[in-house]
Amino acid sequence: MTPHLLEPFSVHIDFESGLLSPDPVVLVRRLSSLAGYFLQNADTDSEVYSVHEIRVPAERDHLLSSTTIVLPGKVGDEYYMTKGHFHANRDRSEIYLTLSGEGLLVMALENGTTVTKEMRPGVVNYVPGHWAHRSVNTGSEPLVFYAVYIGDAGYDYATIAERGFPVVVVDRDGGPSVVPNPRYLAP
Ligand code: S6P
Ligand code: ZN
């Protein structure tokens, strides 16, 4: 397919809030849309995170990018986090640049191998293809990061929804601890 020929454009990102202007596509995830992702059930429908995506066609020749704002909070002792996904086109890689807040980026291969990296302002995390990725806010302020990914990366949420991640990030004595996920279904 011939890629769309776009006009060059610019977007402003507020590094503190993660908000974009002009006119991003905004997706808000609340606890009700994350049922089954946390070990415990939530008794509210609070917002957990939002994604603010720059409008570009989802094609191989373009770079999609977005900010994600993960709010501070916990369900039980588990920190607020994104759903997490593999890319539908598994080999598509991605870059995360943290703009504010602090957290952990949990990455896992389908065979269960897991790597966890710190997210803090100024840190670039490289997520190679084939690694599922989930961002966890371990701080008391919003975790804000900018992600850039190959336009046709796509999303496979189903594998994580069914199997979970091999580890979960929980509050132990006031700080984050990465522990095995008792509900993980190994391949
Ligand atoms: C897209 C990229 C991010 C996430 C966002 C929300 O490839 O990894 O923009 O979509 O951080 O996470 P999730 O797992 O709900 O899509
Ligand atoms: Zn991704």
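Residues are numbered from 1 along each chain as its sequence is written, and chains are lettered from A and ligands numbered from 1 in the order in which they are written. In this predicted model, local features need pLDDT of at least 70, side-chain atom pairs count only at pLDDT 80 or more, and totals for chains, interfaces and linings use all residues, while side-chain values use heavy atoms, with hydrogens and water left out.

The chain contains one helix and 15 strands; helices (H or I, at least four residues) and strands (E, at least two) are DSSP runs, numbered from the N terminus. Along the principal axes, the C-alpha atoms of the chain fill a box of roughly 50 × 35 × 30 Å. The radius of gyration is 16 Å, in agreement with the value near 16 Å for a compact globule of 187 residues. This radius is taken over C-alpha atoms, and the globule rule is 2.2 Å times the number of residues to the power 0.38.

Of the 187 residues, 47% count as buried. Here buried means under 20% relative accessible area, exposed means over 50%, and partly exposed lies in between (1.4 Å probe, protein chains only). The accessible surface of the chain comes to about 9600 Å², and 53% of this belongs to carbon and sulfur atoms. Accessible areas come from the Shrake-Rupley method with a 1.4 Å probe, and for residues only the protein chains shown count as cover. Among the contacts in the chain with a separation of 6 or more, 67% are between residues 24 or more positions apart, where contact means heavy atoms within 4.5 Å.

Six strands form an open antiparallel sheet in the order S3-S4-S5-S13-S8-S11. Strand S3 (25-30) and strand S11 (124-127) are its edge strands, each pairing on one side only. Neighbouring strands of this sheet are turned by 20° against each other on average, direction ignored. For such angles, axes are lines fitted to C-alpha atoms, for helices over the stretch in contact, and angles run from 0 to 180 degrees between N-to-C directions. Two strands pair if DSSP finds at least two bridges between them. Within the sheet, strand S4 (residues 47-53) pairs with S5 in the antiparallel sense over five bridges, and Glu 53 has Ser 66 in S5 as its bridge partner.

A further open sheet, also with antiparallel pairing, consists of three strands in the order S10-S9-S12. Its edge strands are strand S10 (114-119) and strand S12 (132-137), each pairing on one side only. Six bridges join strand S9 (residues 103-108) and S10 in the antiparallel sense. Thr 116 in S10 is the bridge partner of Val 106.

The count of salt bridges is eight, a salt bridge being a side-chain nitrogen of Lys or Arg within 4 Å of a carboxyl oxygen of Asp or Glu. Glu 110 forms one with Arg 90, with 3.1 Å between the closest N and O atoms. Glu 110 lies in the loop between S9 and S10 and Arg 90 in the loop between strand S7 (78-79) and strand S8 (94-100), so this pair ties together parts 20 residues apart in sequence. Glu 110 is partly exposed at 41% relative accessibility. Arg 90, Glu 110 and Asp 156 are linked in a network of salt bridges.

Asp 152 and Arg 92 form another salt bridge (2.7 Å, N to O). Asp 152 lies in the loop between strand S13 (143-150) and helix H1 (158-163) and Arg 92 in the loop between S7 and S8, so the pair ties together parts that are 60 residues apart in sequence. Asp 152 counts as buried at 19% relative accessibility, and Arg 92 counts as buried at 14%. The side chains of Glu 118 and Arg 120 also meet in a salt bridge (2.8 Å, N to O). Glu 118 is partly exposed at 49%, as is Arg 120 at 43%.

Leu 71 lies in the loop between strand S5 (63-70) and strand S6 (74-75) and is partly exposed, with a relative accessible area of 25%. Leaving aside neighbours within four places in sequence, Leu 71 is in contact with Glu 47, Val 48, Tyr 80, Asn 137 and Pro 142. Ser 177, in strand S15 (residues 175-180), is partly exposed at 22%.
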